[in-house]
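Have the coordinates open and follow along.

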Amino acid sequence: MRTLTDAWAWLTDSAHWAGDDGIWHRLTQHLVLTVVCLLISCLIALPVALVLGHLGKGGALAVNISNAGRAVPTFAVLVLLLLTPLGRWGDGPTVVALVLFAVPPLLTNAYVGMRGVDRSVVQAARGMGMTGRQMLWRVELPLALPLVLSGVRIAAVQLVATATIAALAGGGGLGRIITAGFNLASTPQVLAGAVLVAVFALLVEGVFEAAERIAPGWTRGRGDTG
Amino acid sequence: MTAPPDDCLARNEWVCGEYLSTRRQIVLDAVVQHLELTAVSVLIALVVAVPLAVLARRWRWAAGPVLALTTILYTIPSLAMFSLLLPVYGLSASLVVAGLVLYSLTLLVRNILAGLRAVPEETRQAARGMGYGPVRLLLTVELPLALPAAMAGLRIATVSAVSLVTVGAIVGFGGLGNLIYTGMNTYFKAQVLTASVLCVVIAVAADLLLLGVQRLLTPWESASRAAARS
């Protein structure tokens, strides 16, 4: 109990929020890092998954990439990149390692979502004379959207959680508060940092859950009017 | 002009056979620690997950809290998880194991529960009609039918655990992660690459091993696969 109150005291000390090592700065770094990595991962994974799903090809590839992705330790990738020339480019290694980590779940979820669209609906769209592109945008994607979004949610939450590892390799973000706490042997600081990351991850989960609740209604609405 | 040293360790190359031959014992110790941490964590998680999933299946009201709790545990980052448990376990191997157990729990509970829920109602009715009690129904019908889904969860949990063990390096119990961590601080390329590759090799080997176990435990699945082919 003592450690908990100490951690609370550390968190509420205004001195720990200001400055370059302060919580605000680390929180901003963490947010920027996560958002940038999520955007890059989506830009890579979603077009590939949507096209593969539309063509109905590469299913085994999508699933195997996802399984193989779990076997690759992000921390090891980060350190490997850090020792290459890329290591001189600030956050470069962290961004590449995190993107490699986030692409597989995005790819698999979006692909599975596209393939899960009822074939008879697709046939009907074809019967109405829709082109492949129209079918992809107006039929398959809206119907697959809930699963595509749930892939984005999983990737976002795991990115927030995994971005802490960057600190182990000298990067920024909330992980720095934890590693600094370890170096100072300050359990309250370590705990405070951990709580911050956990709360951040849960907040992201909550935001996406709310978005997912709205999304199916939105697609249904479009289907009714359009 | 001096000739470059003919020792790949001195030249600090990525791939270096000399590294393995001179530090075999260190690498071997790290691999053993890595395997131990993974195996112990996943086994403990399995022992906890099966009753939890069975409870959540039996009593509908239990499913919500069980799933919510395990999902929250999964959301906590590995580095943060180790730190949250720090006051309880101190800097020890138990700290890493506890963190990994909590992680694997989510994957296992979800998959086992999904497997149990997928058992057809007619099958359960038939077993009941044949006079099976609840315990016998669970052990000889429901759990075996849930095996493929449970094994899928076990494979994902194991592979994830192998890669997560590396983060344990922060408290000194990270198996191959220790080598990666010290290799990073000393810029020792051969050590970082060798340890990273070994991590992936262990993960793939564990996955294939569990796939083999799954085939052995569920012979009816391969029979239905063969039937589907013919």
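E121(B) and R124(B) join their side chains in a salt bridge, 3.2 Å from N to O; the term stands for a side-chain nitrogen of Lys or Arg within 4 Å of a carboxyl oxygen of Asp or Glu. Both residues sit in helix α6 (residues 121-129) of chain B, three residues apart, or about one turn of the helix. Helices here are DSSP runs (H or I, at least four residues), numbered from the N terminus. E121(B) is partly exposed because its relative accessible area is 37%, while R124(B) is buried at 10%. The cut-offs are under 20% relative accessible area for buried, over 50% for exposed and partly exposed in between (1.4 Å probe, protein chains only).

R124(B) also pairs with E142(B), and the closest N and O atoms of that salt bridge are 2.4 Å apart. This one links distant parts of the chain: E142(B) belongs to helix α7 (residues 134-164) of chain B, R124(B) to helix α6 of chain B, and 18 residues separate them. E142(B) is buried, with a relative accessible area of 1%.

## Another bridge, and the tally

Next up are D207(B) and R155(B), whose side chains meet in a salt bridge of 2.9 Å, N to O. D207(B) is in helix α9 of chain B and R155(B) in helix α7 of chain B, so the pair ties together parts 52 residues apart in sequence. Why does D207(B) count as buried? Because its relative accessibility is 18%.

Back to shared partners: R58(B), E121(B), R124(B) and E142(B) are joined into one network by their salt bridges. Over all chains, the count comes to eight salt bridges.

## What the numbers rest on

This is a predicted model, where local features need pLDDT of at least 70, side-chain atom pairs count only at pLDDT 80 or more, and totals for chains, interfaces and linings use all residues. Residues are numbered from 1 along each chain as its sequence is written, chains are lettered from A and ligands numbered from 1 in the order in which they are written, and side-chain values use heavy atoms, with hydrogens and water left out.

## Helix α2 of chain A

Over in chain A, helix α2 (residues 23-55) runs for 33 residues. From first C-alpha to last it reaches 47 Å, close to the 48 Å expected at 1.5 Å a residue; that expected span is 1.5 Å times one less than the number of residues. Where does α2(A) bend? At C42(A), by about 25°, taken as the angle between axes fitted to the seven residues ending there and the seven starting there. Just after α2(A) comes G56(A), with a positive phi of about 70°.

There's a nonpolar surface patch too, formed by V32(A), V36(A), I40(A) and I44(A), with about 290 Å² of accessible area together. Patch members have over 30% relative accessible area and no salt bridge; like charges are joined within 9 Å, nonpolar side chains (Val, Leu, Ile, Met, Phe, Trp, Tyr) within 5 Å. Areas come from the Shrake-Rupley method with a 1.4 Å probe, and for residues only the protein chains shown count as cover. V32(A) lies in helix α2 of chain A and is partly exposed, at 47% relative accessibility.

## Positive phi outside glycine

A185(A) isn't a glycine, yet its phi is positive at about 55°. Look for A185(A) in the loop between α8 (175-183) and α9 (187-225) of chain A; at 69% relative accessible area, A185(A) is exposed.

In chain B, Y187(B) is a residue other than glycine with a positive phi, near 60°. Y187(B) is in the loop between α8 (176-185) and α9 (189-217) of chain B, and its 42% relative accessible area makes Y187(B) partly exposed.

Technical notes. Helices (H or I, at least four residues) and strands (E, at least two) are DSSP runs, numbered from the N terminus.
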